[in-house]
Amino acid sequence: MADLTFSKKVNATVLLVERDFLDENIPDQSWSIDALLHSRDNPVLHLTEKKDKHRVLLNFHLLHGKFSDTEHRFYHETLKLQMQVFLLEMWHTFANEFERHKRTIESGTLYERFMQLVHQHCMKEREVRFYANKLNITAKYLNYVCKQNSAVTASEWIQRYVRETIILLLQVKNLNISGIADEMEFSSRSFFTRYVKKLIGMTPREFRNRLG
Amino acid sequence: MNKEDKDRIILLKVLGGVPLPDDFLYRYHTHIYCHRGSIDFVFNDKPYTCKAGGLVFFLRTASWQI
């Protein structure tokens, strides 16, 4: 992200949440991955419903209010719970938009449908053939369609999503590496390690050590 | 609460060109609701504009560091 500029007459509310604190309080990893992948392609969400705007702003203030209430006898416990509520409320707002987007894509072009399928299945499916079969076309034609639409092949798109997913899971320190390999249906931990090394230039363990 | 914890969650009202903290992208997940005016930015090499009624969210990932 670069060149963030506000217009002269802007009026905006900004909520900054420290990454580690938010990541430690994620109530559902699967939703978290969906939110991350969706936001990467759609960082702006237009809130058409008044109640959504109200919910988002209320959510900002409730989290900040709980954070500021340092005299509360159960400060840490309530703050952690409020962080989780915050995420669930944001995902709720995001899910409405995500589902509207999904409905549009279902009737969209082959390329759009491919991108949606990758988004849904990249946790476990890393072969172009899987997606081509879902779309009833050949893998070669799917690569051609992607190249025409984005200058990137289908296999490169799959790799990008898988890379992002692996990084996200490795950041969650209470998930063990074998568990991630199993969850993503790699045949063994050693194969997973080699795959990650090729994808991000370091092993899962090295990546975790870098995070500190 | 220690000093570092005091900046764990920050709520700001932006009117005009008030800057955000320098390290906000690296340290924070950022959520911006635009009430009026507009916000321009480049994300993953693509330009975006958020107008009134829009919500911007940058969910920081470690991949941006590699």
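Arg8(B) and Glu18(A) form a salt bridge (a side-chain nitrogen of Lys or Arg within 4 Å of a carboxyl oxygen of Asp or Glu), with their closest N and O atoms 3.5 Å apart. The rule finds two salt bridges across the interface of chain A and chain B. This is a predicted model, in which local features need pLDDT of at least 70 and side-chain atom pairs count only at pLDDT 80 or more, while totals for chains, interfaces and linings use all residues. Residues are numbered from 1 along each chain as its sequence is written, chains are lettered from A in the order in which they are written, and side-chain values use heavy atoms, without hydrogens and water.

**Interface**
- Contact (heavy atoms within 4.5 Å) links 54 residues of chain A with 51 residues of chain B.
- The two chains bury about 5,300 Å² between them, 65% of it on carbon and sulfur atoms; buried area is the accessible area (1.4 Å probe) lost on being put together, summed over both parts.

**Strands across the interface**
- Strand S2 (residues 11-18) of chain A and strand S2 (residues 28-36) of chain B run antiparallel, joined by eight bridges.
- Strands are DSSP runs (E, at least two residues) numbered from the N terminus, and two of them pair if DSSP finds at least two bridges between them.
- Leu15(A) stands opposite His31(B) in S2(B).

Technical notes: Helix = DSSP H or I, 4+ residues; strand = E, 2+ residues; numbered from the N terminus.
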